[in-house]
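This briefing looks at one helix and at the nonpolar packing around it. Please have the sequence and the 3D view open while reading.

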Amino acid sequence: RFLLRTRRSARVASLENSVGASVAGSVEFSVPGRDLSEMILESLSREVAEELGLKSGEFTVTPLACAREMVRGNRPQLFAFVTTRLDREQVAARISSLQESRREHSEFRFIPLPDGRLGESERATFDFEGKMCYYLLEEWLAPR
């Protein structure tokens, strides 16, 4: 198990130059006849393709939580766990093949999660969205 840790580009609309979630984006709430789960899956799948270069069928999205982002106008925040059977080298190659002008991260690396947890020094580097993502992931991966 590895966690893809990214540093957001200086070009993005929010949390620029911070360490956070592997993929972030907006959800289209105006699509009629859709439930929240379908909106998360559709929107996050689009973001995974754009930001990581993965194709449909190469990853799985598991919705985890919904929150409100008070610091940005009480906007909804949706969190999900994205997994792939591709190895780190394949994922790194996909990210590296994206046009540099369109990349939303300035750097990325894979962090081992041998027991489903990160050390405090690694967790401390994340911005608030990254910390929320990490703690939800840690809870999801905890033995039941």
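Which residues are exposed on the other side of α2? They are Glu 89 and Ser 97, where exposed means over 50% relative accessible area, buried under 20% and partly exposed in between (1.4 Å probe, protein chains only). This is a predicted model, in which local features need pLDDT of at least 70, side-chain atom pairs count only at pLDDT 80 or more, and totals for chains, interfaces and linings use all residues. Residues are numbered from 1 along each chain as its sequence is written, and side-chain values use heavy atoms, with hydrogens and water left out.

**Helix α2**
- Helix α2 spans residues 88-97, and Val 91, Ala 92 and Ile 95 are buried in it.
- At the start of α2, a side-chain oxygen of Asp 87 comes to within 3.1 Å of the backbone nitrogen of Glu 89.

**Nonpolar cores**
- The largest nonpolar core has eleven residues, including Leu 4, Phe 59, Val 91 and Ile 95; such a core is a set of buried Ala, Val, Leu, Ile, Met, Phe, Trp, Tyr and Cys residues joined through side-chain atoms within 4.5 Å.
- Two or more residues of this core come from each of α1, β3 (59-69) and α2.
- Helix α1 gives the largest share of this core, three residues.
- A second, separate core of ten residues includes Leu 3, Leu 113, Leu 118 and Phe 126.

**Contacts of Val 91**
- Leaving out residues up to four places away in sequence, Val 91 touches Leu 52, Leu 54, Thr 84, Leu 86 and Phe 110 (heavy atoms within 4.5 Å).

Key. Helices (H or I, at least four residues) and strands (E, at least two) are DSSP runs, numbered from the N terminus. A polar contact is a pair of N or O atoms within 3.5 Å; within protein, one must be able to donate a hydrogen and the other to accept it, and residues adjacent in sequence count only if both atoms are side-chain atoms.
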